[in-house]
Amino acid sequence: MRAVVAPAGAALELALIDRAVAGPGQVLIKIAYAGINRPDLIQRMGAYPPPPGAPQTMGLECSGEIVAIGPGVTRWKPGDLVCALLPGGGYADYAWADEGCCMAIPDGLSLLEAAALPETVLTVWANVFERAALQPGEHFLVHGGASGIGTTAIQMAKAHGAKVYATAGGAQKAALCTTLGADVAIDYQTQSFVEIIKADGGVDVVLDMVGGPYVQQNLDCLKLDGRCVQIAFLQGPQVQLNLMALMLKRLTLTGSTLRARTVAEKSRLARAVETHVWPWVAGGQVRPLIDSVFELEDADAAQAKMQANAHAGKIMLKVAG
């Protein structure tokens, strides 16, 4: 099968490798589309290695047709169309997925749109709705509002009944956040999100992928009993903090990753998303925003666009003809 490989120090390239095989409890998917995610770039740099047993090639989500099932699979059969959270290997013609990490395509969505959902939606659900326990009526801040995670978080939080604040780089991206449902969109290039949010009384939950100096600023923005969830560190994981606010306001600073979770845990999240988020998707309250679609052989250009932050929403790879 064709697969994108990453030779050390070189551009991504398309190569022929052994076709993926479905093992016990797994399905084999003929991939239609695959999503580009920032962890792919980190893996390429050698800082986000695949978990044991996972494919060494990149790609954490896809959509397509199940063409084979392994021993013990009960929910799916060949011919079923699914989107799936993958441990790796999505930049290819075929990939295996654990049965529980596959999800039905939400009503009304194309295979392209469905492939843009698994990594972002499960990340937002696990961190905003489970770890931070966002409640209807609370105030929620997401950084990187025009990113794949950000555009998803804005819509999910709004569908849940929260007041949504979002930061983004530039007036155009801030305006996009508003069209997606953000009540307050902040252009961090010209505005201070700390000043704006504190003047409005603070927020209950922050979802942050920036890190660095943002961590202290996030704590400063939180209300009493506020929760900040860290999912990445684009400005670095080493920070200096004044933790007095953590005690005085009874704050929670937490974080998580998705890829390293057990199959059972990721499967549980997938079922929760099908139950709680898919109705929002089917009802039009949550829709994946597609920035651009690249051919599989152009994966290097797709990743370069993400690295340059020259996108709004999801960057996708078209795999099937």
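**View 1. An aromatic cluster in the predicted model is formed by W125, F129 and W280.** The structure is a prediction. It holds three aromatic pairs. One of them joins W125 and F129, whose rings are stacked at 4.9 Å centre to centre, with 10° between the planes. Both residues belong to helix α3 and sit four residues apart, about one turn of the helix. An α-helix has 3.6 residues a turn, so residues three or four places apart point the same way. W125 is buried, with a relative accessible area of 10%. F129 is buried too, at 11%. F129 also pairs with W280; here the rings are tilted, 6.0 Å centre to centre and 50° between the planes. F129 lies in helix α3 and W280 in helix α10 (residues 278-282), so this pair ties together parts that are 151 residues apart in sequence. W280 has a relative accessibility of 14% and counts as buried.

**View 2. The largest nonpolar core has 49 residues.** The residues with the most contacts inside this core are F140, M156, L207, V277 and W278. Helix α3 (residues 118-131) gives the most to the core: seven residues. A second, separate core has 28 residues, among them I29, V82, F294 and M306.

**View 3. F140 and the residues it touches.** Leaving aside residues up to four places away in sequence, F140 touches V128, L134, A153, A157, A162, K163, V164, Y165, V203, V205 and L207. F140 is itself among the residues with the most contacts inside the largest nonpolar core. L207, one of its contacts, is also on that list.

**View 4. Six strands make an open sheet with parallel pairing.** The order is β10-β9-β8-β11-β12-β13. β10 (184-187) and β13 (252-255) stand at the edges. Each has a single partner strand, so one side of each is left without a neighbour in the sheet. From one strand to the next, the twist averages 15°. Within the sheet, strand β8 (residues 139-142) and strand β9 (residues 163-168) pair in the parallel sense over four bridges. L141 has Y165 of β9 as its bridge partner.

View 5. Ten of the twelve are buried, so α4 is largely enclosed by the rest of the structure. The buried residues are G148, I149, G150, T151, T152, A153, I154, Q155, M156 and A157. Two of these, A153 and A157, are touched by F140. M156 is among the residues with the most contacts inside the largest nonpolar core. Just after the helix, G161 takes a positive phi of about 95°.

**View 6. Strand β3 pairs with β6, with β4 and with β15.** β3 (residues 26-36) is mostly covered, with ten of its eleven residues buried. Its pairing with strand β6 (residues 94-98) is antiparallel, over five bridges. There, K30 stands opposite Y94. Seven bridges join β3 to β4, again antiparallel. Y33 has S63 of β4 as its bridge partner. With strand β15 (residues 314-318), β3 pairs in the antiparallel sense over four bridges. On this side, Y33 stands opposite K318. Strands of a sheet pair through backbone hydrogen bonds, either parallel or antiparallel.

**View 7. Strand β5 pairs with β4 and with β7.** Four of the five residues of β5 (residues 81-85) are buried, so the strand is largely enclosed by the rest of the structure. β5 runs antiparallel to strand β4 (residues 61-69), and five bridges join the two. E61 has L85 of β5 as its bridge partner. β5 also pairs with strand β7 (residues 102-104), in the antiparallel sense over three bridges. Here C83 stands opposite M103.

How values were computed
Residues numbered from 1 in each chain as written. Predicted model: local features only at pLDDT ≥ 70, side-chain atom pairs only at ≥ 80, totals over all residues. Heavy atoms only, no water. Core = buried A, V, L, I, M, F, W, Y, C linked by side-chain atoms within 4.5 Å. Buried < 20%, exposed > 50% of the residue type's maximum accessible area, 1.4 Å probe, protein only. Contact = heavy atoms within 4.5 Å. Pairing = 2+ DSSP bridges. Axes fitted to C-alpha atoms, helices over the stretch in contact; angles between N-to-C directions. Phe/Tyr/Trp six-rings, centres within 6.5 Å; stacked < 30°, edge-to-face > 60°.
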